[in-house]
Amino acid sequence: MIRILQFGATGQVGQAMIAAADGRATLRALSRQDVDLADTAAVERAIAGADCDLVLNCAGFTLVDKAEAEPEAARAANALAPAAMARACAARGLPLVHLSTDCVFDGALDRPYREDDPPNPLSVYGRTKRDGETAVLAWDKGVVLRVSWVFSRYGRNFLRAMLQLGRTRDELRLVADQRGCPTDAVALAEFILRAAPRWTAAERGDSAFGLFHFNNGEATSRHDMALAALARDPRTRARVIAVAKADFPEPAARPLNGALDSGKVAAVFGWRSQPWAPAVAHAADQILAEGV
Ligand SMILES: NC(=O)c1ccc[n+]([C@@H]2O[C@H](COP(=O)([O-])OP(=O)(O)OC[C@H]3O[C@@H](n4cnc5c(N)ncnc54)[C@H](OP(=O)(O)O)[C@@H]3O)[C@@H](O)[C@H]2O)c1
């Protein structure tokens, strides 16, 4: 069984990985209490001493607006810690799989972004994530999976928030002119587990390493993504109103077009995710079954 050392035990992707790995991989998931990403020496020690075949980083400073006020904490977790992971993995020849974001782009393109489109982040979060990508990709066995609009039954997330508000508010105003590709944390975990044997067996220079966009297909809006979840709940009472991003100011700028083309992951790994709408409906059903 493949042995995975995972940073991040409590987040959406971290929890999806723990569930998916059960009986299929030996996964040791490190929480913030085990290793704080701000302590790069502890990050390197954890990898140097680990009994593992692959390192996976599911942890990061993911509060996009808060990062504007706390740039040093965001840089430590999103740029310096992945750089320390890359150094420690390179020293042992271990593959390193890291997650990044559509927020590395400025959103000005009128088509989905491909891996070879140049980043131009608009926010502290986006800049620190771009620097983390650069550090991971400096190691020949580094893998960066860029994802966006992650959803799942786990943790705090957009779907859970929408289902809660849909029951309690009269009206929900949701942005309809910003594009993004929803990413199912469960599909991502399944992909990582299936690709893991290839990453551990591959030599440097293999096409399995490098930068990939991963998601559940077609781009949509937050408005339509929320509708797909709210339609599952007979107790939804809120009327949903489409608004423009410009009418919904946030501390951190986000790309108006954050759609990511996932053709490369299909070409290299033969991976095809389920379309986002049924996957969102399934995750919403799980959240509702567990109690909103
Ligand atoms: N969620 C999205 O829509 C989205 C979109 C694009 C990209 N991504 C990327 O995907 C990855 C996973 O996202 P997610 O949605 O699973 O994130 P999440 O649910 O916000 O979880 C973040 C994880 O990072 C841990 N963490 C944060 N700061 C830490 C620190 N200083 N030391 C140790 N652990 C720390 C958190 O631990 P605590 O529970 O202790 O805070 C938590 O386990 C991240 O790299 C993120 O940038 C996410």
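In the predicted model, Arg24 is partly exposed, with a relative accessible area of 40%. The side chain of Arg24 forms a salt bridge with that of Glu190, at an N to O distance of 2.9 Å. Arg24 belongs to the loop between H1 and strand E2 (26-30), whereas Glu190 is part of helix H7 (residues 185-201); the pair therefore ties together parts that are 166 residues apart in sequence.

Glu190 also takes part in a salt bridge with Arg194, again described by an N to O distance of 2.9 Å. Both Glu190 and Arg194 are located in helix H7, where a spacing of four residues corresponds to about one turn of the helix. Arg194 is exposed, its relative accessible area being 55%. In total, the structure holds 23 salt bridges. One of these links the side chains of Asp116 and Arg114, with an N to O distance of 4.0 Å. Within this pair, Asp116 has a relative accessibility of 62% and so counts as exposed, the threshold being over 50%. Arg114, with a relative accessible area of 37%, is partly exposed.

The ligand is surrounded by 23 residues, and the closest of them are Thr10, Arg32, Thr62, Tyr125 and Lys129. A polar atom in the side chain of Thr10 is placed 2.5 Å from a ligand oxygen atom. A polar backbone atom of Gly60 is found 3.1 Å from an oxygen atom of the ligand. The ligand taken alone exposes 910 Å², of which the protein buries 83%.

Two or more residues of the shell around the ligand are given by each of helix H1 (12-21), strand E4 (96-101) and helix H5 (124-137). Of the elements, E4 gives the most, with three residues. Classified by residue type, the shell around the ligand consists of eleven nonpolar, eight polar and four charged residues.

Asn57 is situated in strand E3 (residues 54-57). With a relative accessible area of 1%, Asn57 falls under the 20% limit and is therefore buried. Residues up to four places away in sequence aside, Asn57 touches Phe7, Pro82, Met85, Val97, His98 and Leu99. A polar atom of the Asn57 side chain also lies 3.0 Å from the backbone nitrogen of Ala59.

A further local feature concerns the backbone at Trp149. This residue lies in the loop between strand E5 (142-147) and strand E6 (150-151). The phi angle of Trp149 is near 45 degrees, a positive value in a residue other than glycine. Most residues other than glycine have a negative phi. Although placed in a loop, Trp149 is buried, with a relative accessible area of 11%.

Terms used:
Residues numbered from 1 in each chain as written. Predicted model: local features only at pLDDT ≥ 70, side-chain atom pairs only at ≥ 80, totals over all residues. Heavy atoms only, no water. Buried < 20%, exposed > 50% of the residue type's maximum accessible area, 1.4 Å probe, protein only. Polar contact = N/O pair within 3.5 Å; in protein donor to acceptor, adjacent residues only side chain to side chain. Contact = heavy atoms within 4.5 Å. Near = heavy atom within 4 Å. Areas by Shrake-Rupley, 256 points an atom, 1.4 Å probe, with all protein chains shown as cover. Nonpolar A, V, L, I, M, F, W, Y, C, P; charged D, E, K, R; others polar.
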